Amino acid sequence: MKTKLLTTRILVVLGLILAFSAGRAAALQLYTVPATANIYSAGLSSPVAPGGSGAGTLPVFIPVSAGQSAFQFAASGSITENNWGGSGGVYHGPDGGIIAGVTVYGYGGLSGFNSDLCLPLAGVFLTDSAPQDPAPPSLDFSSQGLGLDFLTLSPLIGQVFFIGDGQTSGGLTQIFNTPAGATRVYLGCPDTPFGNGYPGAYDDNSGTLNVGVMAVPEPGIGVFSIALAALFLVRRQAGSARERLPIK
């Protein structure tokens with residue numbers, strides 16, 4: 001009887017874990033972000049390049065639903081900021097390239113951006129309104145500023161922020177808090193001619209990034225907590241049952 005009861009509890013736990021997995025799959029959304037996605041054209045009908053050398057394409061739009069307090073990202077892929085004339089260029093991942101850093105000046109109501117790596121995956125939150133000056137303060141993701149190993153980040157509306165691969169160097173998933181009033185978030189890349197100036201220089205960009213986006217809180221979290229508690233209970237009762245078995 002005890003063995004049958006224990007088996008039933010294990011099946012219940014497995015059912016909860018499967019429900020959790022289904023919830024996560026439903027909440028996870030996948031996007032393709034090209035290297036030409038101009039983060040400084042977020043909220044606009046056509047891309048802009050005040051710095052010259054190509055405006056690229058519009059960034060990837062993601063709606064923000066009511067109650068979504070934060071986002072998590074997981075990105076992979078290979079892009080380059082220097083494939084001029086199809087020469088190939090040096091490709092790198094979503095954290096950016098090590099050849100040079102990038103400093104983009106704020107423009108059109110969006111903040112500037114600074115990083116030791118060039119052409120990383122970045123994001124920006126907006127309200128339903130188009131971005132307007134004055135722009136919020138710029139965030140510095142260089143080694144002299146915030147760096148890339150933050151666990152949580154709380155950007156303001158219109159503040160361009162680093163996403164990269166969505167992980168710290170230790171493999172922890174980073175959390176990006178949604179600012180009050182945000183109704184949409186855009187994914188793209190910050191670029192500028194010669195690594196310093198106003199947005200532009202998207203003509204020679206090439207490659208794509210694959211980005212998984214998870215809204216927080218998401219449906220599986222509560223079920224996951226219950227599943228962990230139930231699994232702990234089963235293990236505890238299984239241990240107690242073994243302690244009561246007669247020694248042969």
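**Overview**

User: How many helices and strands does the protein chain have?
Analyst: The protein chain has two helices and 13 strands. Helices (H or I, at least four residues) and strands (E, at least two) are DSSP runs, numbered from the N terminus. This is a predicted model, in which local features need pLDDT of at least 70, side-chain atom pairs count only at pLDDT 80 or more, and totals for chains, interfaces and linings use all residues. Residues are numbered from 1 along each chain as its sequence is written, and side-chain values use heavy atoms, with hydrogens and water left out.

User: What share of the residues counts as buried?
Analyst: Of the 248 residues in the protein chain, 42% count as buried. Buried means under 20% relative accessible area, exposed over 50%, and partly exposed in between (1.4 Å probe, protein chains only).

User: And what about the contacts in the chain?
Analyst: Among contacts with a separation of 6 or more, 71% are between residues 24 or more positions apart. A contact means heavy atoms within 4.5 Å.

User: On to sheets. What is the strand order in the five-strand one?
Analyst: The order is E1-E13-E3-E10-E8, in an open sheet with mixed pairing. Two strands pair if DSSP finds at least two bridges between them. Strand E1 (28–34) and strand E8 (152–153) are at the edges with a single partner strand each, so one side of each has no neighbour in the sheet.

User: How many bridges pair E1 with E13?
Analyst: Seven bridges, in the antiparallel sense, with E13 covering residues 206–216. One of the bridge partners is Met214 in E13, which goes with Leu28.

User: Which strands make up the four-strand sheet?
Analyst: That open sheet runs E2-E11-E6-E9, with antiparallel pairing. Its edge strands are E2 (60–63) and E9, each pairing on one side only. Strand E6 (residues 122–126) is joined to E9 by two bridges and runs antiparallel to E9. Gly123 has Phe161 in E9 as its bridge partner.

User: Change of topic: how many aromatic pairs are there?
Analyst: The count is 12 aromatic pairs. Rings of Phe, Tyr and Trp (its six-membered ring) pair if their centres lie within 6.5 Å; planes under 30 degrees apart count as stacked, over 60 as edge-to-face and the rest as tilted. Phe141 and Phe150 are a tilted pair, because their ring centres are 5.9 Å apart and their planes stand at 50 degrees. Phe141 and Phe162 are also paired and tilted, at 5.9 Å centre to centre with 40 degrees between the planes.

User: Where in the chain do Phe141 and Phe162 sit?
Analyst: Phe141 is in the loop between strand E7 (139–140) and E8, while Phe162 is in strand E9; the two are 21 residues apart, and the pair links distant parts of the chain. Phe141 counts as buried because its relative accessibility is 1%. Phe162 is buried too, with a relative accessible area of 1%.

User: Which residues form the aromatic cluster?
Analyst: Phe71, Phe73, Phe113, Phe125, Phe141, Phe150, Phe161, Phe162 and Phe176 form one cluster.

User: Now Gln174. Is that one buried or exposed?
Analyst: Gln174 is at 0% relative accessibility, so Gln174 counts as buried. Gln174 lies in the loop between strand E9 (161–162) and strand E10 (175–177).

User: What does Gln174 touch?
Analyst: Not counting residues up to four places away in sequence, Gln174 touches residues including Phe71, Leu148, Phe150, Ile163 and Gln167.
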